[in-house]
Amino acid sequence: MKTLFLCFLAAAAVRDWRTMYFSKHWFWICLGMIPVYYQFSFFLPAESIPGAFLFSMPAFFFHHYKQWLGSADVWFLDYFGFILGYPRMIVAMMIAVPIGLTYLVISKKAAVPFVSCLCIGVSASLFWGYHIWYQWF
């Protein structure tokens with residue numbers, strides 16, 4: 001099941017890298033990936049809901065008031081926070097933010113395809129997130 005989720009991450013990263021635009025169809029694809037990721041279980045991990053709120057509220061602020069993030073960035077932060085939970089999502093952000101800042105400095109563009117950077121961080125956190133979390137914290 002992780003292979004299918006990694007294919008979804010790769011498709012989202014390529015889509016964001018090329019166009020920096022996500023249609024509404026991606027919302028339904030993401031909702032369909034939740035049961036696939038949890039292998040059709042009815043029980044969610046305890047850190048799913050706090051992970052979603054922990055990353056969606058500041059992202060919504062940065063989108064609505066400062067306009068530093070796009071609406072797709074906010075939605076994917078909420079989605080990945082729900083999927084991974086807060087420990088692995090913090091690790092994913094610690095990987096994604098330096099990649100995004102490096103891209104910003106090297107390319108000298110005004111916008112960063114942050115979902116692409118986030119997909120790299122999420123894929124690394126998917127496999128080594130708990131190991132890094134318990135080793136650092």
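Me: What is the relative accessible area of F61?
Reply: This is a predicted model. F61 sits in helix α3. Buried means under 20% and exposed over 50%. F61 falls in between and is partly exposed, with a relative accessible area of 38%.

Me: Which element of the protein has the lowest mean pLDDT?
Reply: The mean pLDDT of the protein is 85, and 96% of its residues reach 70 or more. Where pLDDT is low, the predicted coordinates should not be read in detail. Among the elements, α5 has the highest mean, 91. The lowest mean, 81, belongs to α3.

Me: Is S56 buried or exposed?
Reply: S56 is in helix α3, which spans residues 48–66. Beyond its neighbours within four places in sequence, S56 is in contact with V74 and D78. Buried means under 20% relative accessible area. At 9%, S56 counts as buried.

Me: Which residues does H63 contact, leaving aside its neighbours within four places in sequence?
Reply: H63 is found in helix α3. At 27% relative accessibility, H63 counts as partly exposed. Contact means heavy atoms within 4.5 Å. With sequence neighbours set aside, the partners of H63 are L69, G70, S71 and V74.

Me: How many Å separate the C-alpha atoms of H63 and F27?
Reply: H63 belongs to helix α3. Along the chain, H63 and F27 are 36 residues apart.

Me: What is the relative accessible area of R88?
Reply: R88 is found in helix α5, residues 86–107. Not counting residues up to four places away in sequence, R88 touches Y37, I83, S125, L126, G129 and Y130. Buried means under 20% relative accessible area. R88 is buried, with a value of 9%.

Me: Where does P113 lie?
Reply: P113 is buried, with a relative accessible area of 2%. Leaving aside neighbours within four places in sequence, P113 is in contact with D16, W17, M20 and Y103. As for its place in the fold, P113 lies in the loop between α5 and α6 (114–136).

Me: How many Å separate the C-alpha atoms of P113 and A12?
Reply: Along the chain, P113 and A12 are 101 residues apart. D16 and W17 are among the contacts of P113. The C-alpha atoms of P113 and A12 are separated by 11 Å.

Me: Which cysteine holds the sulfur closest to that of C119?
Reply: C119 is buried, with a relative accessible area of 4%. The closest cysteine sulfur to that of C119 is 9.1 Å away, too far for a bond. That sulfur is in C30.

Me: What does the count of disulfides come to?
Reply: The cut-off for a disulfide is 2.5 Å between sulfur atoms. C7 has its closest cysteine sulfur at 12 Å, and C119 at 9.1 Å. By this rule the count of disulfides is zero.

How values were computed: Residues numbered from 1 in each chain as written. Predicted model: local features only at pLDDT ≥ 70, side-chain atom pairs only at ≥ 80, totals over all residues. Heavy atoms only, no water. Helix = DSSP H or I, 4+ residues; strand = E, 2+ residues; numbered from the N terminus. Buried < 20%, exposed > 50% of the residue type's maximum accessible area, 1.4 Å probe, protein only. pLDDT = per-residue confidence, 0-100.
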